[in-house]
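Welcome, and please open your viewer. We will walk through this structure stop by stop, selecting one piece at a time.

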Amino acid sequence: MPKHAQTGSIVLQRSGLTVVGAWVPNWQYDVYCLEKSLADEVASRFNVQLLPVTWPKTPGGEAMQIVVPTVGEKWFDHDQLRGRTTARHGKAGARCADCGVWRWMPLVFGELPPLQITPLLGDVDVAASPEWFGDGWHAFRQILFRRELAELIASASPRDFEIQPVF
């Protein structure tokens with residue numbers, strides 16, 4: 001689990017990776033990468049922060065990462081989360097021994113309580129929940145994309161992304 005907000009480019013292994021459309025590298029659900037032409041379109045139409053993806057021993061720039069900001073103080077009722085995670089996993093979660101952040105046990109989006117984002121998302125086009133989920137090395141936040149941005153990404157990589165309405 002990251003101990004602070006991202007400060008530089010993500011470094012990916014190039015082995016076996018074809019830079020096409022959009023993808024989530026290494027199943028890191030907070031990381032969304034876009035090929036350069038798609039990233040250029042996203043940057044021109046949406047309020048997002050992009051950083052170049054870099055590769056060991058080769059310059060970056062042929063792909064960009066969407067940096068997903070944490071927005072709000074909470075997205076879910078924590079009493080409801082506690083009940084649902086405990087019912088599913090036998091426990092609600094655990095506190096990270098290194099950084100002290102509480103991590104809820106994972107639930108698929110349909111199992112989560114209704115969204116109660118406070119304060120509201122505002123004018124961002126992609127946002128991450130302040131709540132962390134997962135167990136062991138698999139930590140993630142819930143991510144919301146503005147519908148038009150989600151449609152653009154899903155159309156660029158339909159095998160990898162599908163749109164789930166939430167509101």
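Helices (H or I, at least four residues) and strands (E, at least two) are DSSP runs, numbered from the N terminus. What you see is a predicted model, in which local features need pLDDT of at least 70, side-chain atom pairs count only at pLDDT 80 or more, and totals for chains, interfaces and linings use all residues. Residues are numbered from 1 along each chain as its sequence is written, and side-chain values use heavy atoms, with hydrogens and water left out.

**Stop one: a sheet with mixed pairing**

Select Trp104, and then look for its bridge partner in S7, which is Phe133. Now widen the selection to strand S6 (residues 102–104) and S7, which pair in the parallel sense over 2 bridges. Both belong to an open sheet of 4 strands in the order S5-S6-S7-S8, where the pairing is mixed. Strand S5 (93–95) and S8 are the edge strands, each pairing on one side only. Ignoring direction, neighbouring strands of this sheet are turned by 40° against each other on average. Angles on this tour run from 0 to 180 degrees between N-to-C directions, and axes are lines fitted to C-alpha atoms, for helices over the stretch in contact.

Contact here means heavy atoms within 4.5 Å.

**Stop two: an antiparallel sheet**

Move on to another open sheet, whose 4 strands come in the order S1-S2-S4-S3 with antiparallel pairing. S1 and strand S3 (49–52) are at the edges with a single partner strand each, so one side of each has no neighbour in the sheet. In the antiparallel sense, S2 and S4 pair over 4 bridges. To find two of the partners in S4, pick Leu34, which bridges to Met64, and Tyr32, which bridges to Ile66.

S1 and S2 also run antiparallel, joined by 2 bridges. Here Trp23 stands opposite Cys33 in S2. Is Cys33 buried or exposed? Cys33 is buried, with a relative accessible area of 0%; buried means under 20% relative accessible area, exposed over 50%, and partly exposed in between (1.4 Å probe, protein chains only).

Show H1, which lies across S1, S2, S3 and S4 and runs at about 105° to S2. To see the contact, select Leu38, Glu41, Val42 and Arg45 of H1, together with Leu149, Leu152 and Ala156 of H3.

Finally, colour the buried residues of H3: Leu149, Ala150, Leu152, Ile153 and Ala154. Their cover includes H1, strand S4 (63–67) and strand S8 (138–145).

Conventions: Two strands pair if DSSP finds at least two bridges between them.
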